[in-house]
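Me: Could you walk me through the salt bridges and helix packing here, step by step?

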Amino acid sequence: MLNILTQQNSAANHFLAELRNRDLQQDRMRFRRNLERLGEVFAYEISKTLTYEPTEIETPLGIAETALLTEQPVLATILRAGIPMHQGMLNVFDQADSAFIGAYRKTKKSGAFEIRKEYVSTINLDNRTLILIDPMLATGKTVVLTCKELLDDYDIQSLIIVSAIASEEGIMHVQAFLPQAQLWVGNVDSELTSKAYIVPGLGDAGDLAYGVKE
Ligand SMILES: O=c1cc[nH]c(=O)[nH]1
């Protein structure tokens with residue numbers, strides 16, 4: 001299932017516009033904060049789809065009835081670009097467990113690249129809702145590889161993938177290889193460069209948030 005945040009106009013359009021703007025995105029603090037704000041919006045929207053149970057709250061004057069999340073989801077992030085959105089989602093799912101994955105593109109001389117995954121730090125994901133955060137869903141290969149390995153290792157109850165900007169190709173790849181996943185994206189862009197950057201996209205999210213890597 002594909003959910004596109006900007007199908008309905010909201011303040012999130014402004015966050016995405018600032019992330020894409022070549023001048024504004026040079027302000028690193030603002031760039032990270034806009035990713036964080038998007039993470040907060042995604043988390044709020046996704047929270048409407050989760051399971052709640054009736055709960056009684058004791059106030060100083062009596063009992064208030066409400067419904068609270070049965071369980072908080074697990075938030076997983078692909079380092080390093082995912083960190084600001086991860087923090088935004090943690091601002092909403094404030095008792096969530098977190099998982100961190102180190103994956104990167106290893107480019108060959110031909111310009112082709114393969115995905116290398118080297119580091120995974122996670123809690124037990126059996127019977128949990130897992131939200132995987134990758135701000136830029138380009139080819140979708142990193143996300144598919146990561147999720148497939150987690151799905152092999154754990155009996156994950158439901159899988160949600162969140163990206164600020166996704167390419168059409170990335171969405172199709174995820175839908176083909178992870179048909180069970182719910183996909184939440186901010187904007188959908190149509191093109192990828194030969195080096196698999198999204199066009200118009202925003203550039204390199206990790207470099208903009210944390211500095212140009214070697
Ligand atoms: O366009 C892209 C694609 C992958 N990662 C990025 O940071 N940007």
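**Salt bridges and packing**

Reply: R80, D204, D207 and K213 are linked in a network of salt bridges, a salt bridge being a side-chain nitrogen of Lys or Arg within 4 Å of a carboxyl oxygen of Asp or Glu. This is a predicted model, where local features need pLDDT of at least 70 and side-chain atom pairs count only at pLDDT 80 or more, while totals for chains, interfaces and linings use all residues. Residues are numbered from 1 along each chain as its sequence is written, and side-chain values use heavy atoms, leaving out hydrogens and water.

Me: Is D207 buried or exposed?

Reply: D207 meets R80 in a salt bridge, 2.6 Å from N to O. Buried means under 20% relative accessible area, exposed over 50%, and partly exposed in between (1.4 Å probe, protein chains only). D207 has 16% relative accessibility, so it counts as buried.

Me: How are α2 and α3 oriented to each other?

Reply: Helices are DSSP runs (H or I, at least four residues), numbered from the N terminus. Helix α2 (residues 28–47) and helix α3 (residues 83–92) pack at about 45°; axes are lines fitted to C-alpha atoms, for helices over the stretch in contact (heavy atoms within 4.5 Å), and angles run from 0 to 180 degrees between N-to-C directions. Under 35 degrees counts as roughly parallel, over 145 as roughly antiparallel, 65 to 115 as roughly perpendicular and the rest as oblique. Therefore α2 and α3 are oblique.

Notes
Helices (H or I, at least four residues) and strands (E, at least two) are DSSP runs, numbered from the N terminus.
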